[in-house]
Amino acid sequence: MKRNTLEYDQALDTMVRILRARASVGAEPLTYGRLSAELDLQGHHVPAHRGPMPYLLEDASLRESPDGSVPMLSALVVLQATRWPSGGFFQLARRAPFSRPGDDTELWTGELAHLARHYSSR
């Protein structure tokens, strides 16, 4: 699956729907494996730890917030072993357009809190 293909765009649409639904009810983060399984149930084979998963998560956050003003949907996806986001989440959070301040803990917990508020009001 490559970026800018119909298959990728359809998987991205599905991922955004899944993550928005979780954010709207203030659900706990889900693991990469669980997100992969949910995507698979909807017809999109996206391996949890390789392939397009990191690009889809980045694009989901950027689609929802091209200017960085909306919380990052990718904050809802964590590694099973640590229950924390991967390093890719923090790299994205610290670069434009997001440019989030703070240490990892306050950045992530702040993003989760903002997600719940933002999407519950939609």
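Predicted model: local features only at pLDDT ≥ 70, side-chain atom pairs only at ≥ 80, totals over all residues.
Residues are numbered from 1 along each chain as its sequence is written, and side-chain values use heavy atoms, with hydrogens and water left out.

**View 1. Backbone details at Arg83 and Pro97.** Most residues other than glycine have a negative phi, and most peptide bonds are trans. Arg83, a residue other than glycine, has a positive phi near 60 degrees. The peptide bond from Ala96 to Pro97 is cis, with omega near 10 degrees. Pro97 sits in the loop between helix 4 and helix 5. Helices (H or I, at least four residues) and strands (E, at least two) are DSSP runs, numbered from the N terminus.

**View 2. The largest pocket.** About 260 Å³ of space lies in this pocket. Among its 18 lining residues, Pro54, Leu57, Ser86, Gly88 and Phe89 are the closest to its centre. Helix 3 (53-64) and helix 4 (87-94) are the elements that give two or more residues to the lining, and helix 3 gives the most, with 5 residues. By class, the lining has 10 nonpolar, 5 polar and 3 charged residues. Here Ala, Val, Leu, Ile, Met, Phe, Trp, Tyr, Cys and Pro count as nonpolar, Asp, Glu, Lys and Arg as charged, and the others, Gly among them, as polar. On a 1 Å grid over the protein atoms alone, a pocket is an open set of points where a 1.4 Å probe fits, with protein on both sides within 12 Å along at least five of seven lines; lining residues have an atom within 4 Å of a point. Grid points are joined across faces, edges and corners, and the volume is the space filled by probe spheres set on the points.

**View 3. Helix 1 against helix 3.** The axes of helix 1 (residues 6-24) and helix 3 come within 9 Å and cross at roughly 65 degrees. Axes are lines fitted to C-alpha atoms, for helices over the stretch in contact, and angles run from 0 to 180 degrees between N-to-C directions. The two helices, helix 1 and helix 3, are therefore roughly perpendicular (a label for angles of 65 to 115 degrees). Residues in contact (heavy atoms within 4.5 Å) include Leu12, Met15 and Val16 in helix 1 and Leu56, Leu57 and Ala60 in helix 3. The contact of helix 1 with helix 3 divides into 11 nonpolar, no polar and 6 charged residues.

**View 4. Helix 4 against helix 5.** Helix 4 and helix 5 (residues 104-120) pack at an angle of about 85 degrees, with their axes 11 Å apart. Helix 4 and helix 5 are therefore roughly perpendicular to each other. Phe89, Phe90, Ala93 and Arg94 of helix 4 meet Asp104, Leu107, Trp108 and Glu111 of helix 5. This contact of helix 4 with helix 5 has 5 nonpolar, no polar and 3 charged residues.

How values were computed:
Parallel < 35°, antiparallel > 145°, perpendicular 65-115°, else oblique.
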